[in-house]
Amino acid sequence: MTQLTDLTKDRPAHVIVGDGITALAFLETGTFAQGDHVIVMGRAATSLGRGAAYAAGEAGTPWRFAYLLNSPADDIDPAFAKWLADKWDEIAATMSGRSPNWLAAAGPLVDAGDIYGVNAPREFYGDFMAEVLAVRRAELETQGVCVTLHDCDAVALRTTPTAIEVETATGDVAYAHHVDVAPGGPSTMDIEGHDGPFAAPSVFGHEHRIAEHIKAGAEICCIGGNAAMLDVLRLCQSLIPDDQIKFVVCAPDGQVPPPLVPRMPRRMTQPNLTTGHETADGFLSEVAREIDAAKAAGDETREIRAGFRAHFLANPLHSFVPDINEARRVPGTLRHWLRGGTRDTIWDMHRLIDAGVVRMVQGMVAGVDHLDTGARVRLLDVDGRETTMDTGFVVNCAGAGPHSVYDPLTEGLLRDGMVGVAPINRGLKVGAGCQTKDARVRFLAPSVTEIGDEVMAMPLYDAHMLRTYVRRAQAKTTQ
Ligand SMILES: Cc1cc2nc3c(=O)[nH]c(=O)nc-3n(C[C@H](O)[C@H](O)[C@H](O)COP(=O)(O)OP(=O)(O)OC[C@H]3O[C@@H](n4cnc5c(N)ncnc54)[C@H](O)[C@@H]3O)c2cc1C
């Protein structure tokens with residue numbers, strides 16, 4: 001018999017699937033009794049809390065610590081901002097002498113006494129989460145709760161009247177009385193030819209190969225203009241001087257996202273939104289007016305985004321747009337209006353665009369062909385006409401989209417109807433308190449767009465939002 005089966009056959013455990021911040025939030029907020037056993041089943045469960053976004057980088061590589069959080073530290077979590085400030089000397093020593101020069105970019109904020117406002121390397125948020133985990137484990141152990149972190153892929157979940165069986169890729173089965181599933185988002189959009197001699201399907205995990213092309217002087221072409229594209233730019237900057245970079249971005253709108261710039265004292269836009277809109281369009285017109293008014297009053301994107309986020313956390317979308325199908329039409333537009341990204345890198349982007357080192361191309365990439373010495377990108381322009389563009393090496397930064405797939409366990413949950421797909425916006429749908437069709441199983445991931453009767457006004461692709469909704473799910477469970 002295998003290990004998890006031995007551990008749980010006679011006494012089912014509370015199982016958490018996943019290794020990111022959402023899985024950790026389920027462990028942090030869960031109420032467990034003396035003698036309970038909690039088993040975390042994650043691909044890297046022993047690094048619980050880091051997940052895909054905040055993983056420890058590879059020691060000795062120039063790009064270690066290059067990838068930054070998209071928001072000021074205190075927008076992610078005020079406790080993290082305090083941690084960063086407390087550890088500043090250590091962090092400054094770690095970051096000293098690195099390229100790009102993160103310390104110089106952070107300098108004006110640090111000099112103004114605003115370490116809370118910096119865009120920290122994402123790995124540091126993972127370090128903070130590792131401490132959160134250690135504290136929670138110690139607390140649970142003192143309460144007589146056993147926590148096992150088990151590195152594995154959970155591939156299937158079966159509900160029976162007596163227990164939920166969670167099976168791993170190696171055929172081991174854990175028996176559970178409750179399961180919380182936090183598997184993260186689906187795979188990146190599949191684009192024809194995105195994996196080949198002159199293209200990588202993602203930046204993450206492909207850095208060594210991309211780095212060879214950057215160092216050889218190839219033009220790097222990113223498909224998509226959001227966060228992962230900014231990471232690719234940082235990867236380039238970590239390897240060669242800025243004036244040697246050749247970088248092109250193909251994005252449907254051809255725009256660089258606005259930077260999230262913190263100011264002292266912090267403030268947030270206070271949207272003034274009326275209730276009872278019959279249509280999404282009517283509500284969105286009001287939001288547009290509020291955004292314009294905030295801009296006219298001098299508010300920055302960070303202030304507008306943080307203000308709307310806080311407003312929608314306190315006032316769910318259905319209070320403004322009661323018809324659920326109309327509400328479902330809102331988030332796609334709001335997501336675009338309220339998007340923003342990493343201050344340091346976006347400012348670098350603009351500087352490098354002005355210097356002619358970076359260029360933005362408007363269009364959708366339909367496919368990539370591999371030539372003898374580089375790639376040919378097939379682009380659909382705004383009128384749907386196909387054009388081609390030759391480049392050095394292509395990196396798919398497009399995010400999820402058509403043909404994206406989830407991990408096998410989540411695909412199974414979708415097939416079995418445990419987790420639904422919302423009409424119109426096609427996001428994932430779970431019940432109140434993140435419950436699935438079986439009340440013993442909860443599910444939360446960044447791609448969830450509906451929890452009970454609440455349509456998420458803004459996407460859950462945001463650490464703060466995910467942690468908030470896990471807390472709310474727990475409060476509902478213990479009501
Ligand atoms: C590269 C990147 C950068 C980001 N930057 C920011 C940022 O700066 N600020 C911000 O607020 N948000 C950011 N995000 C958004 C991010 O989605 C959330 O902040 C948050 O990290 C999501 O956490 P999660 O635990 O839900 O999912 P993830 O972090 O994706 O973790 C899920 C984990 O579960 C594991 N897993 C999945 N299925 C299984 C299974 N069946 N069995 C075992 N293990 C499984 C996966 O390997 C994965 O590591 C970023 C996301 C990415 C991908």
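Reply: In strand β14, F393 is the bridge partner of I220, a residue of strand β8. This is a predicted model, in which local features need pLDDT of at least 70 and side-chain atom pairs count only at pLDDT 80 or more, while totals for chains, interfaces and linings use all residues. Residues are numbered from 1 along each chain as its sequence is written.

β8 (residues 220-223) and β14 (residues 393-396) are parallel and share four bridges. Strands here are DSSP runs of E with at least two residues, helices are runs of H or I with at least four, and both are numbered from the N terminus. Two strands count as paired if DSSP finds at least two bridges between them.

β8 is also joined by four bridges to strand β9 (residues 247-251), again in the parallel sense.

A residue is called buried if 20 or more other C-beta atoms, placed from the backbone, lie within 10 Å of its own, exposed if 12 or fewer do, and partly exposed in between. Over the whole protein chain, 45% of the 479 residues are buried by this count.

Elsewhere, three strands form an open sheet in the order β11-β12-β13, paired antiparallel. Because β11 (364-370) and β13 (386-391) are the edge strands, each with a single partner, one side of each has no neighbour in the sheet. Neighbouring strands of this sheet are turned against each other by 25° on average, direction ignored; the axes are lines fitted to C-alpha atoms, and angles run from 0 to 180 degrees between N-to-C directions. Six bridges link β12 (residues 375-380) to β13, and L380 stands opposite E386 of β13.

Further along, strand β16 (residues 428-430) runs parallel to strand β18 (residues 448-451) over three bridges, with V430 opposite I451. β18 in turn is antiparallel to strand β19 (residues 454-455), over two bridges, and E450 has V455 as its bridge partner in β19. Two residues lie between the strands of this β18 and β19 hairpin, where G452 adopts a positive phi near 60°.

Around the ligand there are 33 residues, of which G20, T22, G51, P183 and G184 come nearest; a residue is near if its C-beta atom, placed from the backbone, lies within 6 Å. Helix α2 (21-29), strand β2 (37-42) and helix α16 (463-477) each supply at least two residues of this shell, and α2 gives the most, three. By class the shell holds 18 nonpolar, nine polar and six charged residues, where Ala, Val, Leu, Ile, Met, Phe, Trp, Tyr, Cys and Pro count as nonpolar, Asp, Glu, Lys and Arg as charged, and the others, Gly among them, as polar.

In total the protein chain comprises 16 helices and 19 strands, and its C-alpha trace spans about 65 × 55 × 50 Å along the principal axes. Its radius of gyration is 23 Å, in agreement with the value near 23 Å for a compact globule of 479 residues; this radius is taken over C-alpha atoms, and the globule rule is 2.2 Å times the number of residues to the power 0.38.
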